[in-house]
Each structure stands twice: as C-alpha cells, then as structure tokens.
Amino acid sequence: MKSIDGGYSCGTRPFAAATAGRVTAPRVVVAGGHSAGHIEPAMNFADALRQLEPAAEVTALGTVRGLDTMLIPARGYPLELIPPAPLPRKLNRALLRTPGRVRDSVQAAGAVLDRVRAEVVVGFGGYVAGPAYLAARGRGLPIVVHEANARPGVANRLAARMTTHVFTASPDIQLAHATAIGIPLRPAITGLDRPALRTAARQRFGLRPGGPVLVVTGGSQGARAISAAVCGAAAALRMAGVQVLHVTGPQHVVEVPAGNPGDLPYVIVPYVEEMQYAYAAADFAICRSGAMTCAELAAVGLPAAYVPLPLRRGEQRLNAGPAVAAGGALLVDNADLDPAWIETTLIPVLTNPARMAAMSARASTMGAPDAGAVLAGHVLATVAERRKLAS
C-alpha cells in the first residue's frame, strides 16, 4: 500500500526496520473514550497498530462515565481511568478559564503518560481526548488526531491547532491540517466477502437462502422510529417477498403481526455481536447514520436507507451525505419515516435486483478499508521520527 507523507508501507513490520535493531517497543496512548463512536475506532486503530508492530505497548484512557469499562477491556487493552471533563462546546474565553475538573483530568492524564512513558498520544475525540491532548502538549509529546464525525467536536478542533498530524473520515470534514483516510474498522468488516458468507449467515439467523433481505438496526441502543415504521409495514414486506432481520437494541421490544404458516421470515433479535453476519445476510439496510455505521456499510458495499438521528446539530445527516450523493444510499428524515414510506419508496427498491446491485457498487466506492493500517503506519513513523530527533 502507498505510504502517507513518506511514511512506512503497511505491508511489513515497519517500526522494527526503521529503528535499525532497537528493541524498545513503541509506547502509544489512545484517547477515545465515553461513547462507542469514539471507542470503536480507537480500538480498531489499536488492533491495526498491533498488526503492524506486535510489540507495541498500547494503553487506553477512559472514564467511568461512558462505555469505556465495558468495551475497552473486552478488546484486550489496559484501561487507565481519568476524571471526566467535558470541554465547552465553543472555543471561547470559557475554555481559557479552565475549571478545576478539567485541570484535575489533565493532571490525571499526565500521570498516566508519565507512568507508561508514552511516546505519542492518538486521540479520537470525546471527554477523554481533550485532557489527553493538553497533557501531551505540556510534555512535548506528539499528538495524532482522528475525527470520524462530519462535525468535529471541540476536543479535536482544539487539538488540530496543536499538531499537524490530523486525519479525518472524509474530505468534507473541516479540520485544520486534515488528511482524509476513512475510519479504522475491524478486520471482520474490512475483509468481509458478503457473497461467500451469505448462505451461512442466513442460516445463522433462520432466514431463507433466496430472495431479498432487509436488515433493520438503530445502532447499539436501537431506534424506536425505525422499528415502528418497519414493523408497521411487515405485511407489505412479506407480500413483496422481502425477508427482515430486525435488530431491535437490548432495551427495546417490538411486536410484529403474526403471519400465516409458510410466510417469509421476519426475524427479531435484540443484539448482534458480530455484525459481519448481519451484513452478509442482507441485501439492504435501514438504519441511523452514525459515522461508524456509514463507514462499515461502505466498506462492505451494503446499500442503505439512512434515517439520521434528529439531534446533534444534524451531524448524522452530514455523515450520510457522501453515500447518498454517490447513489449508494437513500435518505429519509426521521419525521417522514412511517409504514407508508416503506411501502411506497423502499419496497420498490428492495424488489429491483438491478437497482440494488447498482447501489451496492456505488456504496462500495465510498469505503476505506485500509484506514486503520494507514493511521497505524503514520503513528509508527511519528514515534520513529521522535526517537531520531532525540538520539
């Protein structure tokens, strides 16, 4: 693979070669805690880093306020907790009047950096990243920033003023010094061969091998509006020959009108641990348009009807924009989504194999399956350069 900025090829173990026999492992701290949207790309990056340099020492920063203690240890990385300290939403004088909780969080992050002898901080935004960036700057450590969302948060906007090592999910994201590389994803997603896994995946969920399958998901917690619309159109979907795999979210329960014996399956599950099987089973998705969801569907070439969450300053609408513009997805407002929209707009797409194939091909053009390796290669190059300057 082509390297970035004269960095290392991602097909070898670059760090060992670059350090000419030095055996000290690179020491990397990742800061991307609180929400799954920050944690997931951080952990995917850590996996890619270990793939390139297995000896790398990776430490994750997190807080008890979010999903950190659940998701990060499960991925096999040591977790260091610091006090949560959300930064002001605007870069103004309030940021200069740093409250005590931010000071405490920065000090705690700095203590972790000192203890693990960190050589670089790689941040993905959120409550943890801001204090980590400030602590790293105070110690003269390199800062690498990755922004997945269409509208960068305050922590990453602040960090982009501290470093030139800035990467984004797409060229449309406005952030200083940014290079677009995509979002680090799991190998199970980037290496997915949907046609090859389709039969096994459908058997896994009790779906029939033939005919179109619609996967319904609202993210890790589900989405009531999406569930209500699709359930309300269950009879029309069955009549059109469309099977459904409905991932409700662990907190939600949906009721689908009972069909007749022999009707096509409408499978309801609360959660799917390995989403590559859901993607392989499906021909189309209806879902929210979080940054990770958009990146995963593009990577596997699965067309979708995106229903942006009507919050967060319209961020999810912007996330879906590139796929919609490319012809790989539909966009429907949360307020406009109902059973009638499913029947009049979505079902004609689901029952048109040629159109779905064309949308799949266009969706895949937006994918960036090597983002994790590209970012990992750049981080290793940054550590190697720092060591060279220090020697």
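Biologist: α13 is followed by Gly301, whose phi is positive, near 70 degrees. What makes α13 a helix?

Modeller: Helices are DSSP runs of H or I with at least four residues, strands are runs of E with at least two, and both are numbered from the N terminus. The model is predicted: local features need pLDDT of at least 70, side-chain atom pairs count only at pLDDT 80 or more, and totals for chains, interfaces and linings use all residues. Numbering starts from 1 along each chain as its sequence is written, and side-chain values use heavy atoms, with hydrogens and water left out.

Biologist: Why is Arg117 called exposed?

Modeller: Arg117 has a relative accessible area of 51%, so the residue passes the cut-off for exposed. Arg117 sits in the loop between α5 (100-116) and β4 (120-123). Its phi is positive, about 55 degrees, although Arg117 is not a glycine. Most residues other than glycine have a negative phi.

Biologist: What makes a space a cavity, and what makes it a pocket?

Modeller: On a 1 Å grid over the protein atoms alone, a cavity is a set of points where a 1.4 Å probe fits but cannot get out; a pocket is an open set with protein on both sides within 12 Å along at least five of seven lines. Lining residues have an atom within 4 Å of a point. Points are joined across faces, edges and corners, and a volume is the space filled by probe spheres set on them. Three cavities of 30 Å³ or more are found in the whole structure. The second largest cavity has about 40 Å³, while the second largest pocket holds about 450 Å³.

Biologist: What lines the second largest cavity, by class?

Modeller: Ala, Val, Leu, Ile, Met, Phe, Trp, Tyr, Cys and Pro count as nonpolar, Asp, Glu, Lys and Arg as charged, and the others, Gly among them, as polar. The lining has 10 nonpolar, one polar and no charged residues. Gly328 belongs to this lining, and the definition counts Gly as polar. α13 gives the most, with three residues.

Biologist: Which helix gives the most to the lining of the second largest pocket?

Modeller: α14 (315-326), with five residues. Of the 23 lining residues, those nearest the centre include Cys294 and Asn319.

Biologist: How do you know that β10 and β13 are edge strands?

Modeller: Two strands pair if DSSP finds at least two bridges between them. Four bridges join β9 (residues 243-247) to β10, so that pair qualifies. The open sheet runs β10-β9-β8-β11-β12-β13 with parallel pairing, and β10 and β13 each pair on one side only.

Note on methods:
Buried < 20%, exposed > 50% of the residue type's maximum accessible area, 1.4 Å probe, protein only.
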